[in-house]
Amino acid sequence: MLKPIKRAVHFDFHTMPGVDDFGENFDASLFARQMKDAHVEYINFFGRCNIGWSYYPTKVGYPYPGLNGKNILGDVVRECHKLGIQVTGYLNAGVHHEALLRHPEWSKVNMKGETVDLDPQKPFNGNFFRMPCYNTGYADHLLAEIRELLDLDVDGIFCDCMLLRPCLCPNCTKEMLARGMDLSDEKQVTDFAEEQRRKMIRRIRETVPEDKYLFINSLPCPLTKDVATHAELECLPTADGYDRFVSQVALARPLYDTVVYMNGRFQCCWADFGGYKGKAAIENDFYDAIMNGASTCLGDHLHPNGMPEADIYRDLKEIYAKIEAYEPWTDGTRFQPEIAVLSTVPKLNQSHYGVGRILGELNYAFDILMPDGDFSKYPVLILPDEITVSGELREKLNIYLKQGGKILSTGTSGLMPDGSGFALPQWDFAYKGKDPMQIAYYKPTFEEKDLIHLPWECYEPGILLDASEEDTVFARHITTYFNPGYDGTHFNFYMPPKGETGHVAAVMNRGKNVIQVSFPLFKAYMKTFTKAHRILMKHLLAELIPQKQILTEDLPITARATLTKGEDYTLLHVKATYPEIRGTMGVIEEHNVLPAGRTVAVKGEFSSACLLPDGTPLVIADCAGYTKITLPEITGYAMICLK
Ligand SMILES: [Zn+2]
C-alpha cells in the first residue's frame with residue numbers, strides 16, 4: 001500500500017556539459033537533513049536528465065562528464081530513507097539528446113522529414129528540438145534505464161515529457177505503409193504515434209512494480225488513470241495563469257485517490273535559476289491545493305555544483321510546518337462538489353477554464369467528468385459551450401434527467417453533432433441555426449443585485465434559439481446592423497445593438513430541468529470577464545440549485561470558499577489572497593487581509609465552529625437551513641472546523 005504523497009519537492013537537474021565545478025558542494029547527508037528540516041516527506045529526484053546524462057554509475061546510459069563515478073541519486077535515496085523521506089527517481093522519457101546523438105536512428109522524424117527542428121519560434125524548443133521515437137531501440141534503452149533506477153531502491157519512477165508528436169521514422173513509416181495509412185495525413189500519423197506512446201507506457205507499467213509510485217507526466221490526466229499511481233498537476237501560475245489549476249484539479253479529483261499540485265518556486269518558469277516568487281505566492285498556491293483536496297509539491301532546480309538555496313528552504317520549512325499542523329484534520333477528507341462539468345476531451349480548453357473561473361467567483365464547488373464518469377452523484381451537470389450529444393452520451397443524459405438531474409448547457413452544447421437540432425426532447429426549445437451575425441447582444445429579463453440593464457455583448461458568436469410556450473426566458477437575443485468586414489467602401493467596425501429579434505439568449509424548459517444559453521458563455525467569460533455573464537450564470541444556477549452549499553454574499557469576489565469533509569466534521573476553507581496583475585504577470589508578494597466580522601453561511605445545522613489549527617471558537621447562528629459563521633480577520637487563508 002503506497003503512502004499518500006504529502007509535502008513534496010520536485011528537483012529538476014538538467015545540466016549542460018562543461019560545468020567545471022559539477023557536484024563540488026553537494027553532500028547527500030546534508031541534503032537529506034535540509035529536506036527533513038523543511039518538513040519534506042517526498043522527493044522527485046533526478047536519475048537521468050533532459051540532456052540525457054545520468055547521475056549515478058550507469059551501465060546502459062551516459063554518465064555526466066564530471067560525475068567521476070559518484071552516485072548522486074543512490075546517495076540521496078540512502079540518506080533520505082534514513083530520515084523517513086521517500087524518493088522517486090526522475091527521468092525524461094520524452095527527451096534524451098545524448099542517446100540520440102549516439103543513435104540518430106532512434107530519433108523521431110517530423111512531418112517535414114527533419115530529426116532536428118531548431119525553429120526558435122516554437123514553444124519549449126530549447127528542449128524539444130530533437131525527440132526519441134518509442135518505436136525504435138530507444139524503448140528498450142529507456143526500460144533499461146528505469147530498471148537501473150529501481151535497482152537504486154527508489155520509491156517510484158517519474159517519467160517526464162511524454163508528449164505526443166507525429167513520427168515518420170523508417171520504423172513508423174514501414175508499419176504505417178503496411179497498414180495502408182496516408183503518410184501525408186498528420187492526424188493518421190499522430191494517431192499512430194499515440195499507439196506507440198500507449199505501448200511504451202504499458203511497458204513502463206509492466207517494468208515498475210505495483211508497490212512503487214509511478215507517474216507519467218505531460219499527458220492529460222484521464223489518459224494515464226489506468227497506469228499512474230497518482231496525479232501530479234504541473235502548474236506554475238505566474239507563467240500558466242491562475243485559472244488552470246482549479247479546473248485541472250477538478251478533472252483529476254474524481255479519477256485519482258491522490259492528486260498533487262506540482263507548483264514551482266520560480267518567478268517565471270522552469271530553469272529560472274535566479275527567480276523566486278516568494279513565500280506568500282507559494283502559500284497562495286498551496287492554499288488552492290488544500291481547499292481543493294490536493295496535496296502539495298514545490299518544484300525547484302538544483303544548482304549543478306551544490307545544495308538547494310538555504311533561504312528558500314527556510315521559507316518552505318515555515319510553509320510546510322503550517323500545512324503539517326492542519327493534517328490531523330485534512331488527512332483523509334474529501335472535497336464536496338455540488339456540480340459536475342462534462343468534458344468530452346481529456347485536454348481542457350478555455351471553456352473549462354471559464355467554468356472554473358465563474359464557479360470559483362460564485363463559490364460553487366465542481367468536478368469535471370469525462371463521459372464515462374458517474375453524473376448521478378451531482379444534482380447539476382454543466383455542458384460547457386460545445387458538447388454535442390449523440391449515442392451513449394444521449395442515453396446517459398436522458399437517464400440522468402429522468403432520475404432528477406438538471407442540466408445547464410451553453411453555446412452549441414445539447415445539439416446533435418450534425419446540427420440538425422437538440423438531441424433530447426427535454427430541450428423543448430427550437431434551434432434556428434447558427435446566428436448569421438458574428439456579434440450579438442443579450443438583455444436579461446430578471447432583476448439581480450448589481451445587474452445593470454443594458455444590451456450586453458456576448459463576445460462570442462452563438463446560435464439562434466426560440467422558446468416554446470411555458471418555457472421561462474431569462475435573457476432576450478439582440479442583433480446588430482452589420483457583420484464586421486470591408487464592404488468595398490467602409491470597414492464595418494461600429495456595430496451597435498439593433499433591437500430584439502424574438503429569439504432568446506437564456507431559457508429554461510417547461511420541465512424546469514434544462515437551461516440553454518445561446519452563446520458559449522464560459523469561453524466568452526475567459527475572454528472579457530464580463531460581469532453580466534457571471535450574474536446571468538448566478539441567476540441560472542440559483543434556478544437549478546435552490547440551496548447552494550455555501551452562501552458568500554459577504555465575501556469579496558476575489559475570495560474563495562470550499563468545503564471538504566472528514567468522518568464527523570466538515571472543513572470550511574476561506575482564501576482571501578489573489579494575485580496582483582502587473583504587466584501580464586500575476587505575482588503575489590503579500591497576503592490580502594479580510595477584515596473580521598464578514599460572514600459565510602454553510603448549508604446544514606452545525607453546533608460549533610472553530611478556527612484551525614488552534615481551536616479558537618467562532619460565533620455561529622442558525623439561519624433557515626444554514627449555519628452562519630462570523631469570520632475572524634483572515635490573513636491569506638483560514639481553515640474552519642464545523643461539527
Ligand atoms: Zn517513429
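The model is predicted.

Start at the zinc ion. Its protein donors are the SG atoms of Cys133, Cys167, Cys169 and Cys172, lying 2.3 Å from the metal. The four donor atoms subtend angles of 103 to 119° around the zinc ion, so the arrangement is tetrahedral. In sequence, the donor residues follow the spacing C-x33-C-x1-C-x2-C. Cys133 and Cys167 link distant parts of the chain, 34 residues apart. Cys133 sits in the loop between α4 (125–128) and α5 (138–151). Cys167 sits in the loop between β6 (156–160) and α6 (170–178). Both residues, Cys133 and Cys167, are buried.

Now turn to disulfides. A disulfide is a covalent bond between the sulfur atoms of two cysteines. A search of the whole structure finds zero of them. Take Cys49. The closest cysteine sulfur to its own belongs to Cys161, 11 Å away. That is too far for a bond, because a disulfide needs the two sulfur atoms within 2.5 Å. Cys49 is also buried, with a relative accessible area of 0%. Cys623, in contrast, is partly exposed, at a relative accessible area of 36%.

Finish on the surface. Tyr486, Phe491, Phe493 and Tyr494 form a nonpolar patch there. Together they have about 590 Å² of accessible area. Look at Tyr494 in this group. Tyr494 lies in the loop between β22 (491–492) and β23 (497–508). Its relative accessibility is 65%, so Tyr494 counts as exposed, the cut-off being over 50%.

Conventions. Residues numbered from 1 in each chain as written. Predicted model: local features only at pLDDT ≥ 70, side-chain atom pairs only at ≥ 80, totals over all residues. Heavy atoms only, no water. Buried < 20%, exposed > 50% of the residue type's maximum accessible area, 1.4 Å probe, protein only. Patch = residues over 30% accessible without salt bridge, like charges linked within 9 Å, V, L, I, M, F, W, Y side chains within 5 Å. Areas by Shrake-Rupley, 256 points an atom, 1.4 Å probe, with all protein chains shown as cover. Salt bridge = Lys/Arg side-chain N within 4 Å of Asp/Glu carboxyl O. Helix = DSSP H or I, 4+ residues; strand = E, 2+ residues; numbered from the N terminus. Donors = N, O, S within 2.8 Å, 3.2 Å for Na, K, Ca; no water. Tetrahedral: all angles 85-135°; square planar, octahedral: opposite > 155°, others 65-115°.
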